[in-house]
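Student: I'd like to learn how to read salt bridges in a model. Can you walk me through it?

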Amino acid sequence: MNDVSLVQPALKASGAFFVETVTWVQHWTDTLFSFRTTRDAALRFSSGQFVMVGLMKDDGKPLLRAYSIASPSWHEELEFYSIKVPDGPLTSRLQNIKVGDQVLIGRKPTGTLVLDGLKPGKRLYMLGTGTGLAPWLSLARDPEVYDRFDDVIVTHTVRRIADLNYAGLLDHELAQDEILGELIGPKLKYYPTVTREPFKTQGRITDLIASGQMFRDLGLPPFNPAEDRVMLCGGPSVLVDLKQQLLDLGYVEGSLASPGDFVLERAFVET
C-alpha cells in the first residue's frame with residue numbers, strides 16, 4: 001500500500017486536496033512526460049488555469065508544485081504536461097507514477113491565462129515555450145475560444161524536434177475531431193519552432209516575431225493591438241522579451257479585474 005492511499009481520509013477531511021487516480025501516462029522523451037487523472041465532480045476551473053499537484057512524502061506531508069491543467073474545462077479527466085528533473089524533489093518521483101497510482105490535486109484552481117482577462121479581438125495568439133504549451137492544450141480544445149476569435153494561433157518553441165509533443169493533436173487531429181472539428185478546423189493554426197536543431201521554422205519565437213517571419217509563414221498581418229490578443233507562457237527570460245515586444249507595440253497587460261490586450265504566466269519550473 002502506498003503512502004497516499006494511507007492518508008486519503010485525512011486529506012479529504014482537510015479540504016485542501018482531492019486524491020485522484022492516474023488513468024494514463026505518456027513518456028515523450030527522457031525529460032518530458034504527460035499524465036491524466038480522474039477528476040472530482042466538485043472541481044471547477046476555467047481553461048488555461050493552473051492547480052497544485054503533488055504526492056505525499058514519507059513524513060506524511062504533501063509535496064506540491066503548480067501545474068497548468070492541459071485538459072479543457074469540460075473534460076471528465078485532468079491532464080498535465082511535465083518536465084522530469086532527476087534530483088527534483090517532486091518530479092524525480094512523479095515521473096515514475098503508473099496507471100492506478102494516486103496523486104494530490106489542489107481544490108483551488110487559479111491563474112491569469114483565461115479569456116476573461118482579454119478584451120475582445122479578432123485573433124488570439126498563444127505563445128508558449130517548453131511545458132508552457134500546457135495551458136494552450138486546454139484553451140485550444142475549448143469551444144468558447146473559437147466563439148470569441150476568428151483565428152487561434154498556438155506557437156510552441158522547444159530546443160529539439162523530439163520536444164514538439166502534441167504536434168499531431170494541434171496540427172491535424174483537432175481539426176478532424178468528431179465533435180470539435182467543424183468549429184476548430186478553419187480557425188486553429190499551429191506554429192512549432194525549434195532552436196537547437198535544423199527545422200522548417202528554426203529560432204526563438206521572439207526573433208521570428210521581430211523579423212516578421214512568423215507572420216509571413218502564417219499568412220497573417222503583424223501584431224496590432226487593435227485586433228490581436230496575446231497569451232504568453234514559458235521560461236522567465238523569453239517572457240521578459242516577449243512582454244517587452246508587446247509593450248513596445250502599445251499593448252496593455254490585462255487581468256480579470258481589468259481586461260487588456262495580453263496576459264502572461266510563467267511556465268512553472270516543476271522540481
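Tutor: Let's begin with confidence and then go through the salt bridges.

Tutor: This is a predicted model, where local features need pLDDT of at least 70, side-chain atom pairs count only at pLDDT 80 or more, and totals for chains, interfaces and linings use all residues. Residues are numbered from 1 along each chain as its sequence is written, and side-chain values use heavy atoms, with hydrogens and water left out.

Student: What is the average pLDDT of the protein chain?

Tutor: pLDDT is the predictor's confidence in each residue, from 0 to 100. Here the average is 92, and 93% of the residues score at least 70. Residues 1-13 stay under 50. For that stretch the model has 21 contacts beyond four places in sequence, a contact being heavy atoms within 4.5 Å.

Student: How many salt bridges does the structure hold?

Tutor: Side chains of opposite charge can pair when their charged atoms come close. The cut-off for a salt bridge is a side-chain nitrogen of Lys or Arg within 4 Å of a carboxyl oxygen of Asp or Glu. The structure holds 11 of them. One joins Glu227 and Arg123, at 2.7 Å from N to O. Glu227 lies in the loop between helix H9 (213-218) and strand S10 (228-234), and Arg123 in strand S7 (residues 123-129), so this pair ties together parts that are 104 residues apart in sequence. Those element names come from DSSP runs, numbered from the N terminus: helices are H or I, at least four residues, and strands are E, at least two.

Student: Is Arg123 buried or exposed?

Tutor: Buried means under 20% relative accessible area, exposed over 50%, and partly exposed in between (1.4 Å probe, protein chains only). Arg123 is buried, with a relative accessible area of 3%, while Glu227 is partly exposed at 28%.

Student: Which residue does Asp261 meet in a salt bridge?

Tutor: Its partner is Arg229, at 3.6 Å from N to O. Asp261 sits in the loop between helix H10 (236-248) and strand S11 (262-266) and Arg229 in strand S10, so the two tie together parts that are 32 residues apart in sequence. Asp261 is buried at 5% relative accessibility, and Arg229 is buried at 4%.

Student: Where do Glu253 and Lys243 lie?

Tutor: The side chains of Glu253 and Lys243 form a salt bridge at 3.0 Å, N to O. Glu253 is in the loop between H10 and S11 and Lys243 in helix H10, 10 residues apart. Glu253 is partly exposed at 34%, and Lys243 is partly exposed at 28%.

Student: Which residues do salt bridges with shared partners join into one network?

Tutor: Arg36, Glu79 and Arg141.
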